[in-house]
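Hi there,

Here is the structure I promised to pass along. Have a look at it when you get a moment, and my notes are just below.

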Amino acid sequence: MTTLTSQPLSGLLDRLFEEANTATSPAMGNLSLEECDRLMHSKTEYRHLYGLIRDLWLPVSRETGNLLYMLARSSRARTIVEFGTSFGISTLFLAAALRDNGGGQLITSEFEPSKVVRAGQNLADGGLIDLVEIREGDALTTFADLPDAIDLVLLDGAKSIYLDVFKLIEPRLRPGALIIADDADNCPEYLDYIRSAPRTFLSTSFADDIDVTMRLA
Ligand SMILES: C[S@@+](CC[C@H](N)C(=O)[O-])C[C@H]1O[C@@H](n2cnc3c(N)ncnc32)[C@H](O)[C@@H]1O
């Protein structure tokens, strides 16, 4: 048995995915597709967008969660950084891998205060809060100070600043580190950067929207 497939985490994830599926956002109904798209691609107004839709969970899929767990386990990750906590679903998968790897540290960043509180509660309910530091605020600020030798990164915050956030993390990556970018198809600037350096990064896409990259030696 693993932490992921045993209680309390297994039942907790079932409940959280169900809650995420039924969450609605009144503000989203008043937002045109064009305006949503404009805000999503803005480097200055992303905070406004996520404030409007703060009731939405926007979690990784269960398949992506399982992939995160497997990549963190197989790479024996001990130090993980996550951009975009939301209510903590992806954080739970990653922290479960840390627990099964024998311990470690997961630093995650979220700027919506209500989400920080609920993510902390979910991690406590899953028995994993001792492995996680939730940094409240914009990752562009909260990631100014990161540990050395990061083993694995999940990029899942504002799409317009994946590259800016990644550049804060990049100097701290250990050779062989993995970077998983969710919704990477919406982040051409990040993908161009990674793919323009074939001696430094090996990168491949799955299921249209997930990019997995390895930092080469
Ligand atoms: C797609 S959701 C993350 C989902 C989460 N990874 C999961 O699987 O449950 C993106 C989250 O990132 C947060 N976010 C976006 N840009 C951010 C930033 N610059 N700094 C901190 N949090 C950010 C949003 O508030 C939102 O909750």
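Predicted model: local features only at pLDDT ≥ 70, side-chain atom pairs only at ≥ 80, totals over all residues.

Let's start with the peptide bond between Gln7 and Pro8, which is cis, with omega at about 10 degrees. Pro8 sits in the segment before helix H1 (9–22).

Ser86 is not a glycine, yet its phi is positive, near 50 degrees. You will find Ser86 in the loop between strand S1 (79–83) and helix H6 (89–100). Ala149 also has a positive phi without being a glycine, and here the value is about 60 degrees. Its loop connects helix H8 (139–142) and strand S4 (150–155).

Are these two buried or exposed? Ser86 has 25 other C-beta atoms within 10 Å, so it is buried, as the cut-off for that is 20 or more. Ala149 has 11 C-beta neighbours inside 10 Å and therefore counts as exposed, the limit there being 12 or fewer.

Now to the helix pair. The axes of H9 (residues 162–169) and H10 (residues 188–195) come within 7 Å and cross at roughly 45 degrees. On the H9 side, the contact involves Tyr162, Leu163 and Phe166, which meet Glu189, Tyr190 and Tyr193 of H10. Sorted by class, this contact has 5 nonpolar residues, 1 charged residue and no polar ones.

Conventions. Residues numbered from 1 in each chain as written. Helix = DSSP H or I, 4+ residues; strand = E, 2+ residues; numbered from the N terminus. Axes fitted to C-alpha atoms, helices over the stretch in contact; angles between N-to-C directions. Contact = placed C-beta atoms within 7 Å. Nonpolar A, V, L, I, M, F, W, Y, C, P; charged D, E, K, R; others polar.
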